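Hello,

Here is the structure you were waiting for. My notes on its salt bridges follow below.

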Amino acid sequence: TSKELVPIKQSASNKWSEQKHPGVRVENMHTNPSIPAQHPERLTNLEHSAIDSTHRVVNVCAVAIRNRDGLVLTVRKQGSDGFMMPGGKPEPGETPLQTACREVREEIGLTPDPTRMHHRGLLEAAALNEAGFTVRAETYEYAPTDEQHEQLATLVPQAEIAELRWVDPAMSSSFDSASQAPLNTEQIFPLLARTPLPYPRP
């Protein structure tokens, strides 16, 4: 049974999200600034417009991509020990959808069709790399084309990505949850586990 959705409070920290998706709610919201990240020294570039240092919130886009076996792609960025969804912070003037498409293209070399992006909600959890911060993610699921499904099998890391890992969002083994960001294990994986694939199985 899905839990009741919790509305987001009005604050400057979620202005970007509210402007782009008015009325969006946070599902299973988890905000715990007391949880430290593994590497506090990695907190840099606090002047970035997506980082609200007053409310200790990092605004990002995250994109889930599942293959035909239902496994979801996670990525580890250089300098990080943990895995997250492809995605990242918005550039000035970008909509969340534009950010999502750009980040996927830059990080894994897959060029998304924006019409195949499915918005799954605005989700929150303790940030993986920013100590004491909450990450707030406009979360999408991308439905690859038949041709892109073939491409998924041969993906290699791009840009700042150091490693790719396909895992079962149902977290049926310890491998699936090992070294995964809180946003993945607490929010995105459970959401995907109860959400049908956005395309028919072969």
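Arg66 and Glu141 form a salt bridge through their side chains, at 2.6 Å from N to O. The term stands for a side-chain nitrogen of Lys or Arg within 4 Å of a carboxyl oxygen of Asp or Glu. This pair links distant parts of the chain, 75 residues apart: Arg66 sits in the loop between strand S2 (57-65) and strand S3 (72-77), and Glu141 belongs to strand S7 (residues 134-142). Strands are DSSP runs (E, at least two residues), numbered from the N terminus.

This is a predicted model, in which local features need pLDDT of at least 70 and side-chain atom pairs count only at pLDDT 80 or more, while totals for chains, interfaces and linings use all residues. Residues are numbered from 1 along each chain as its sequence is written, and side-chain values use heavy atoms, with hydrogens and water left out.

Arg66 counts as buried because its relative accessibility is 4%, and Glu141 counts as buried because its value is 0%. Buried means under 20% relative accessible area (1.4 Å probe, protein chains only).

Next comes Arg102. Its side chain meets that of Glu94 in a salt bridge of 2.6 Å, N to O, and both residues are buried. Arg102 also has a salt bridge with Glu103, at 3.3 Å from N to O. The relative accessible area is 7% for Glu103, so Glu103 is buried; for Arg102 the figure is 11%. Through shared partners, salt bridges join Glu94, Arg102, Glu103 and Glu106 into one network.

In total, the structure holds 11 salt bridges.

Regards

Methods. Helices (H or I, at least four residues) and strands (E, at least two) are DSSP runs, numbered from the N terminus. Buried means under 20% relative accessible area, exposed over 50%, partly exposed in between (1.4 Å probe, protein chains only).
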